[in-house]
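Please read its points with the sequence and the model at hand.

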Amino acid sequence: MWRQLAILGAVVAGLSVVTGAFGAHGLEGVAEQWPDATRQKRLDNWDSAARYQMYHGLAILVTVALCGRSKSRLAGFSAWGFFVGTLLFSGSLYLYAWTGVTKFGAITPIGGLVWIVAWS
C-alpha cells in the first residue's frame with residue numbers, strides 16, 4: 001500500500017504543476033470567452049485548486065516518508081484522505097472554473113472536510 005501511496009502522491013503533486021501551468025498560460029485563451037462577471041473568480045478558483053492539490057500531494061508523500069516504515073493504519077487512512085479530499089476539493093474547483101456551473105461548488109466543502117479529518 002505504501003508504494004502505491006508514494007506513486008499516488010507524486011502523481012497528484014506532478015499533475016498540480018501541469019494544471020497550475022495550464023492555468024497560468026493556457027486558460028487565459030479559454031477565459032476570454034467567459035462572462036466578465038465571473039472570469040476572475042473562476043481563474044482564482046483554478047489557481048486555488050492547483051495550489052491545494054500540490055499541498056496535499058506533498059502531504060501524501062510526507063506521510064509515506066514519515067510513517068511508511070511503521071505501517072501505521074491511521075497514517076495510511078490520512079494519506080488516502082488527502083487523496084480523496086484532493087479529488088473532491090480541487091476537482092470540483094477545476095470543474096467550476098472550466099464550466100461555470102456553480103453547483104460544483106457544493107462538492108468543495110466536502111473535500112475540505114475530508115482534509116480536516118485526514119489532518120486530524
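1. Contacts along the chain. Of the contacts in the protein with a separation of 6 or more, 73% are accounted for by residues 24 or more positions apart; contact here means heavy atoms within 4.5 Å.

2. Basis of the note. This is a predicted model, in which local features need pLDDT of at least 70 and side-chain atom pairs count only at pLDDT 80 or more, while totals for chains, interfaces and linings use all residues. Residues are numbered from 1 along each chain as its sequence is written, and side-chain values use heavy atoms, with hydrogens and water left out.

3. Overall make-up. The protein has 4 helices and 0 strands, and its elements run α-α-α-α from the N terminus on. Helices (H or I, at least four residues) and strands (E, at least two) are DSSP runs, numbered from the N terminus. Taken along the principal axes, the C-alpha atoms fill a box of roughly 50 × 25 × 15 Å.

4. Burial and surface. Among the 120 residues of the protein, 40% are buried (buried means under 20% relative accessible area, exposed over 50% and partly exposed in between, with a 1.4 Å probe and protein chains only).

5. Helix 1 against helix 2. The two helices pack at an angle of about 165°, with their axes 8 Å apart; axes are lines fitted to C-alpha atoms, for helices over the stretch in contact, and angles run from 0 to 180 degrees between N-to-C directions. Helix 1 is therefore roughly antiparallel to helix 2 (angles over 145 degrees count as such; under 35 is roughly parallel, 65 to 115 roughly perpendicular and the rest oblique). By class, their contact has 19 nonpolar, 8 polar and 2 charged residues; Ala, Val, Leu, Ile, Met, Phe, Trp, Tyr, Cys and Pro count as nonpolar, Asp, Glu, Lys and Arg as charged, and the others, Gly among them, as polar.

6. Residue S16. S16 lies in helix 1, which spans residues 2–31. S16 is buried, at a relative accessible area of 4%. Neighbours within four places in sequence aside, S16 is in contact with A50, Q53 and M54.

7. Residue D47. Helix 2 (residues 36–67) contains D47. Is D47 buried or partly exposed? With a relative accessible area of 44%, D47 is partly exposed. D47 and Y94 stand 47 residues apart in sequence, and their C-alpha atoms are 8.9 Å apart in space.
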